[in-house]
Amino acid sequence: MSMSAEIRDSAGALPALEEESGRDPRSDRFVFSWWHLVLFPLAFLMLIPMIWMIITSLQTLNETRHFPPILVPSSIQWQNYTEVLQRAPFARWFLNTLVVTVVVVAGNLLFCSLAGYAFARIKFFGRDVVFILVLATLMIPFQVIMIPTFIIVRKLGLIDTLGALIVPNLAGAFGIFLLRQFFRSLPIELEEAARIDGASRLGVLFKIVLPLSGPVLATVAVITFLWTWNDFLWPLITIYNPDNMTLQLGLTTFQGAHQTNTHLLMAANVMSVIPVLFLFFVAQRFFIRGIATSGLKG
Amino acid sequence: MPGLTFDRVSKEFPGGTVAVRDLSLAIADGEFMIFVGPSGCGKTTALRMVAGLEKITSGTISIGDRVINDDSPRDRDIAMVFQNYALYPHMTVYKNLAFGLKERKMPKDEIAIRVNGVSSMLGIDDLLTRRPAQLSGGQRQRVAMGRALVREPAAFLLDEPLSNLDAKLRVQVRGDLKRLHQRLGITTVYVTHDQVEAMTMGDRVAVLKDGLLQQVDSPRNMYDRPANLFVAGFIGSPPMNLLRAEARGGVASAGDLSLPIADLPDGDVVLGLRPEHLRPATDGQPSMEFQVEVVEPLGDGVIVHGTVSGTLVTAPSGDDEVLPRLAGERAEITTKFEPTLRPSPGERMRLAIAAHHVHVFDGRTGDVIVAAGA
């Protein structure tokens with residue numbers, strides 16, 4: 001077969017292949033399985049707190065205290081939401097949380113990639129020992145390192161600033177581990193070819209390795225986003241000024257020592273979980289893959 | 001364009017495995033050099049040391065007069081084609097070809113000229129917008145070649161570039177590669193375990209075994225005058241028959257064959273008989289009885305497997321070759337006849353070989369004692 005004939009042949013063969021694999025994904029939906037009889041009630045059980053939160057956020061304060069609980073509010077109290085926005089710097093908290101989360105996610109993607117690549121591909125003295133040590137930090141509960149970290153952050157002069165929430169979280173052992181495992185699975189010939197083609201180590205990482213690591217980077221991004229967005233304990237001990245609070249911390253201001261404005265708390269809660277819910281729907285496959293491949297719980 | 005020189009190059013991996021021992025070899029400017037040997041012989045390691053992907057333990061490698069031991073891969077001015085092609089999956093064919101030029105900061109319009117030139121030379125112009133996953137094996141191979149060619153390197157390194165192609169395509173690409181080399185005249189080092197590729201493509205062939213260079217010569221000379229038993233058994237298809245024999249007073253005896261050979265010292269020897277040199281015996285010729293077992297008609301010839309009395313030497317052979325086996329007191333050998341001569345299985349015949357076609361090797365060292373006359 002001549003060269004051009006071979007090219008034509010394989011070009012002709014391509015659409016056929018696509019047709020075969022391009023099955024309409026919608027045909028897989030709504031196929032009944034007996035498992036659904038188990039899964040639907042379980043899913044409903046999981047949803048109950050969420051539903052209750054939404055219902056409570058639309059009740060009056062008195063209704064929230066009623067026993068037995070009132071499932072259908074007499075009138076829908078939309079003003080709970082506006083009251084939250086008026087009584088607390090909610091927009092500020094939202095912005096703070098967004099800034100912290102975005103910077104931490106970006107930092108993790110960058111620094112975990114660099115560290116993960118070094119552990120995966122660059123041979124240096126003590127590499128495996130250092131990697132084990134990094135991994136071992138995953139086993140230390142946050143409560144143990146909380147105070148030393150606090151002291152370091154205070155010496156850096158970051159207490160009661162967003163920097164306190166960002167700097168200690170810019171890289172994590174989890175992301176390093178996940179990325180290293182993925183980088184090792186890429187064919188090394190690609191990197192060797194790029195090095196012969198003239199790319200530096202960093203060039204190889206940014207031009208070859210990272211563009212091929214989309215799924216795992218998405219996983220690291222999603223998981224880091226969730227952890228950072230929902231973090232409560234660390235902001236609680238480093239942030240005092242209401243203007244520097246994140247959402248999770250701000251929510252507690254609705255809980256007083258003598259009285260809790262449950263309806264307002266729940267309205268604020270609903271607003272704070274919307275971005276997380278949205279992210280989860282968009283990126284749930286990366287989230288699930290991250291949990292599944294790392295064997296870690298969120 | 002400069003040549004490539006190995007000067008006493010060795011490679012020892014951590015853990016003590018020695019992949020290449022004391023390799024000295026000069027590859028001339030524009031030469032097509034083949035490294036061949038069974039897997040684990042060090043041929044790929046030797047190539048990777050040239051590319052800068054493995055550090056050299058001792059010795060020097062130079063391109064022209066420039067020692068490149070400590071140069072990074074990018075500064076060596078070499079290009080390499082990998083066994084699995086290593087095309088960047090996230091880039092189009094055009095970007096794959098342009099990557100090396102872009103990394104060297106070549107202006108965009110110049111890159112376009114070079115990429116288009118190489119792609120039309122290789123007949124891949126209509127693939128430039130595709131991604132590697134959308135290409136067939138042969139097309140990928142071509143793109144990999146193109147990526148190396150577009151840089152116009154001082155030396156071209158190919159690591160078993162045909163091993164992922166099917167048999168028919170392999171023959172075609174083999175020819176294409178050879179034509180390309182004749183046209184461009186770039187110094188080329190080609191690694192393969194396939195002795196057919198070694199015989200057909202190279203100006204010279206270097207046979208390696210356990211990291212040691214066995215012989216470097218033109219394919220023809222390598223075939224006609226193997227330096228030792230390993231090369232004799234490795235080069236040639238079907239391989240040379242190697243029979244144990246005893247030499248006394250200028251006569252070598254193996255089984256029922258007694259062959260007078262000039263300049264033969266006494267002692268244990270191994271006779272090397274190429275399949276195509278074995279012929280049905282005429283009266284009075286020194287011969288051996290051959291029992292036909294399997295007949296393989298090829299069209300242009302017939303390969304006949306059978307047994308003779310005697311003891312075979314199991315030649316160290318390539319990884320995908322079947323080792324000759326002992327059949328009781330008899331040794332299994334192979335002959336190649338003209339297509340008109342077609343014995344039937346079970347038939348007994350007498351085979352002869354002209355004395356000047358016989359290779360004689362030392363029974364202990366394996367080195368050649370008496371080389372066959374050409």
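Student: What is the strand order of the open sheet of six strands in chain B, and which pairing does it have?

Tutor: In this predicted model, the six strands of that open sheet in chain B follow the order 13-12-11-14-21-22, and their pairing is antiparallel.

Student: What makes strand 13 and strand 22 of chain B the edge strands?

Tutor: Strand 13 (257-260) and strand 22 (368-370) of chain B each pair on one side only. Neighbouring strands of this sheet are turned by 40° against each other on average, with direction ignored.

Student: How do you know that strand 12 and strand 13 of chain B pair?

Tutor: Pairing requires at least two bridges between two strands, and strand 12 (residues 251-254) of chain B is joined to strand 13 of chain B by four bridges, the two strands running antiparallel. Within this pair, Ser253(B) has Ser258(B) of strand 13 as its bridge partner.

Student: Why are helix 10 and helix 11 of chain A called oblique to each other?

Tutor: Helix 10 (residues 188-196) and helix 11 (residues 201-209) of chain A pack at an angle of about 125°, with their axes 10 Å apart. Angles of 65 to 115 degrees count as roughly perpendicular and those over 145 as roughly antiparallel, and the helices of this pair are therefore oblique to each other. Helix 10 of chain A passes helix 11 of chain A in a right-handed crossing. The contact is made by Leu190(A), Glu191(A), Ala194(A) and Arg195(A) of helix 10 together with Arg201(A), Val204(A), Ile208(A) and Val209(A) of helix 11, and these residues divide into five nonpolar, no polar and three charged.

Student: What makes helix 6 oblique to helix 9 in chain A?

Tutor: The axes of helix 6 (residues 127-136) and helix 9 (residues 173-185) of chain A come within 8 Å and cross at roughly 130°. That angle makes helix 6 of chain A oblique to helix 9 of chain A, and the crossing is left-handed. On the side of helix 6, Phe131(A), Val134(A) and Leu135(A) meet Ala173(A), Ile176(A), Phe177(A), Arg180(A) and Gln181(A) of helix 9; by class, this contact has six nonpolar, one polar and one charged residues.

Student: How do you know that residues 316-328 of chain B call for caution?

Tutor: Over residues 316-328 of chain B, pLDDT stays under 50. Where pLDDT is low, the predicted coordinates should not be read in detail. For chain B the mean pLDDT is 87, and 95% of its residues reach 70 or more.

Key
Residues numbered from 1 in each chain as written. Chains lettered and ligands numbered in written order. Predicted model: local features only at pLDDT ≥ 70, side-chain atom pairs only at ≥ 80, totals over all residues. Heavy atoms only, no water. pLDDT = per-residue confidence, 0-100. Contact = heavy atoms within 4.5 Å. Axes fitted to C-alpha atoms, helices over the stretch in contact; angles between N-to-C directions. Parallel < 35°, antiparallel > 145°, perpendicular 65-115°, else oblique. Left-handed = near helix turned anticlockwise from the far one by under 90°. Nonpolar A, V, L, I, M, F, W, Y, C, P; charged D, E, K, R; others polar.
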